Amino acid sequence: MSHAVQIAAITVSLAATVTALTMVTFAARTIVRVIRLGQPDPTRHGQAPRRWATMLTETLGHTRLARWRLIGIAHWWVFIGFGALFFTLVTAYGQLFDAHFALPVIGHWWPYELGTEVIAAGTAIGIGVLIVVRLASLPSVPVRKSRFAGSTAWQAYYVEWTIVAIVVAVFTLRGLEGALAGVGSYSVHYPVSYPLVRAFSGLSPTTLSGLIYADSTLKILVSMAWFAVIATNLTMGVAWHRFTAFVNVYFRRRPGGGVSLGPLQPIRSHGELVDFSDPGEDDVFGTGTIEDFTWKALLDFTTCTECGRCQSQCPAWNTAKPLSPKLLVMGLREHVYAKAP
């Protein structure tokens, strides 16, 4: 029976992986092509070392989100978990073929196993906090009191509960691994999952192996479903920003950091400075159509997470006027992806 479960798990998981990765690859290429349709902006290049330093500082340090301390800390754990728990996905693929599989060299190294469980626990707490914050701030009467007013709710819920499902799968697999390995006492190798190790310890090796095959498949399917969903929703900024945010921060206006305030930037048309004493016949002043935006603006639209912080601080929105910076960006994003190329 266990062998049949294993064969089914391998077949389903590999088929889902090939399908989802193919879909997300084509989707990523489409996004890149759309962004490259924007007008050139030569001010976004140069000073690569400073840009790299700023990007790493602002992303790894969450320097912007740190202003909202609770949310910033919670999001940082989810951010770290998204990257660090990738190795548990690699492990899950190996466990499809061998229930005892562990990553070479580091798989049973106690710092790796300790770090994995601590990060998974932090991710679970972090996403729990973010779910509670969202539920406590649902758009209701009055709608304008919620920064989530106008956001695409189902996309946020889907991302949040996908993370919950992955964390549950990680800890379940850790408990099954420990039980299959015959762990009999608490150790730093299973600092959080030890109660699950004990709970599964009464099962036979055959049953444990079958459960590992099944749980690995579940973890893979949840991950691949996420890729498939974002591949069919190119404007799903709450998901795509996990990839585009790094690029967006790298190409920020000020290479060394800092907010983009101060004097008005020189006006350009087709990437060139406009000579107002003798403007060209095809010079464009400002943006009248979506084609007039720069590629960086299109990247900004793509990266928007619909968190609503801009909206919550907008004087127009807070005085019951129809303008919302978030809804403006969302509308522009939908428009560019509907119209391109």
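Student: What should I know about the model before starting?
Tutor: It is predicted: local features need pLDDT of at least 70, side-chain atom pairs count only at pLDDT 80 or more, and totals for chains, interfaces and linings use all residues. Residues are numbered from 1 along each chain as its sequence is written, and side-chain values use heavy atoms, with hydrogens and water left out.

Student: At what angle do H3 and H5 pack?
Tutor: Helix H3 (residues 69-84) and helix H5 (residues 110-136) pack at about 135°, with axes 8 Å apart. Helices here are DSSP runs (H or I, at least four residues), numbered from the N terminus. Axes are lines fitted to C-alpha atoms over the stretch in contact, with angles from 0 to 180 degrees between N-to-C directions.

Student: Which residues of Val-192's surroundings are in contact with it, leaving aside neighbours within four places in sequence?
Tutor: Glu-117, Ala-121 and Phe-171, where contact means heavy atoms within 4.5 Å. Val-192 is found in the loop between helix H6 (153-180) and helix H7 (194-200). Glu-117 is 75 residues from Val-192 in sequence, but their C-alpha atoms are 6.2 Å apart.

Student: New topic. How many aromatic pairs are there?
Tutor: The structure holds 14. Rings of Phe, Tyr and Trp (its six-membered ring) pair if their centres lie within 6.5 Å; planes under 30 degrees apart count as stacked, over 60 as edge-to-face and the rest as tilted. One of them, Tyr-186 with Tyr-194, is edge-to-face, at 5.7 Å centre to centre and 85° between the planes.

Technical notes:
Helix = DSSP H or I, 4+ residues; strand = E, 2+ residues; numbered from the N terminus.
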